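Biologist: Can you walk me through this model? I have the sequence and the coordinates open.

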Amino acid sequence: MATKKDKKRKHCYYCVNNIPSIDYKDAVTLRRFTSSFMKIAPRRRSGLCALHQRKVATAIKQARIVGLLAFVPK
């Protein structure tokens with residue numbers, strides 16, 4: 001029987017791939033951190049660290065305003 005300690009921990013996409021900055025114009029990468037309903041994914045699902053989760057959330061909001069990401073699904 002698995003306990004909470006046995007679960008495999010997700011690693012931050014930006015820390016693992018050594019990506020220095022998060023660009024709001026990179027809609028393809030930001031799309032992976034949204035759900036099918038275009039909601040921003042929580043940390044437990046996205047696996048991001050707290051610093052990058054905050055930056056990704058800001059970048060997604062900026063991309064929505066510019067028109068690169070949708071506010072709602074089609």
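**Layout and core**

Modeller: Along the sequence, the protein reads α-α-α-α. Helices here are DSSP runs of H or I with at least four residues, strands are E runs of at least two, and both are numbered from the N terminus. This is a predicted model, so local features need pLDDT of at least 70 and side-chain atom pairs pLDDT 80 or more, while totals for chains, interfaces and linings use all residues. Residues are numbered from 1 along each chain as its sequence is written, and side-chain values use heavy atoms, with hydrogens and water left out.

Biologist: How many helices and strands does the protein come to?

Modeller: There are 4 helices and 0 strands. The C-alpha atoms fill a box of roughly 45 × 30 × 15 Å along the principal axes.

Biologist: What percentage of the 74 residues is buried?

Modeller: Buried residues make up 31%. Buried means under 20% relative accessible area, exposed over 50%, and partly exposed in between, with a 1.4 Å probe and protein chains only.

Biologist: Which residues have the most contacts inside the largest nonpolar core?

Modeller: Tyr14, Leu30, Val56 and Leu69, in a core of 13 residues. Such a core is a set of buried Ala, Val, Leu, Ile, Met, Phe, Trp, Tyr and Cys residues joined through side-chain atoms within 4.5 Å. Two or more residues each come from α2 (27–31) and α4 (50–66), and α4 gives the largest share, 4 residues. In soluble globular proteins, nonpolar side chains tend to be buried together.

Biologist: How far does α4 reach?

Modeller: From its first C-alpha to its last, α4 reaches 25 Å over 17 residues, close to the expected 24 Å. The expected span is 1.5 Å times one less than the number of residues. After α4 comes glycine 67, with a positive phi near 105°.

Biologist: What covers the buried residues of α4?

Modeller: The cover includes α1 (13–16), α2 and α3 (43–46). The buried residues in α4 include His52, Gln53, Val56 and Ile60.

Biologist: Take valine 56. Why does it count as buried?

Modeller: Because its relative accessibility is 1%. Leaving aside neighbours within four places in sequence, valine 56 is in contact with Tyr14, Ile22, Leu30, Phe33 and Leu48. Contact means heavy atoms within 4.5 Å.

Biologist: And which residues does leucine 69 contact?

Modeller: With neighbours within four places set aside, leucine 69 is in contact with Ala27, Leu30, Arg31, Met38, Ile60, Ala63 and Arg64.

Biologist: Glutamine 53 next. What polar contact does its side chain make?

Modeller: The side chain of glutamine 53 pairs with that of serine 46 at 3.1 Å. A polar contact is a pair of N or O atoms within 3.5 Å; within protein, one must be able to donate a hydrogen and the other to accept it, and residues adjacent in sequence count only if both atoms are side-chain atoms. Glutamine 53 counts as buried because its relative accessibility is 13%.

Biologist: Different topic. Which residues form the aromatic cluster?

Modeller: Tyr13, Tyr14 and Phe33 form one cluster. Rings of Phe, Tyr and Trp (its six-membered ring) pair if their centres lie within 6.5 Å; planes under 30 degrees apart are stacked, over 60 edge-to-face and the rest tilted. The count is 3 aromatic pairs. Tyrosine 13 and tyrosine 14 make an edge-to-face pair, 5.2 Å centre to centre with 85° between the planes.

Biologist: Tyrosine 14: buried or exposed?

Modeller: Buried, with a relative accessible area of 5%. Tyrosine 13 is at 22%, so it counts as partly exposed.
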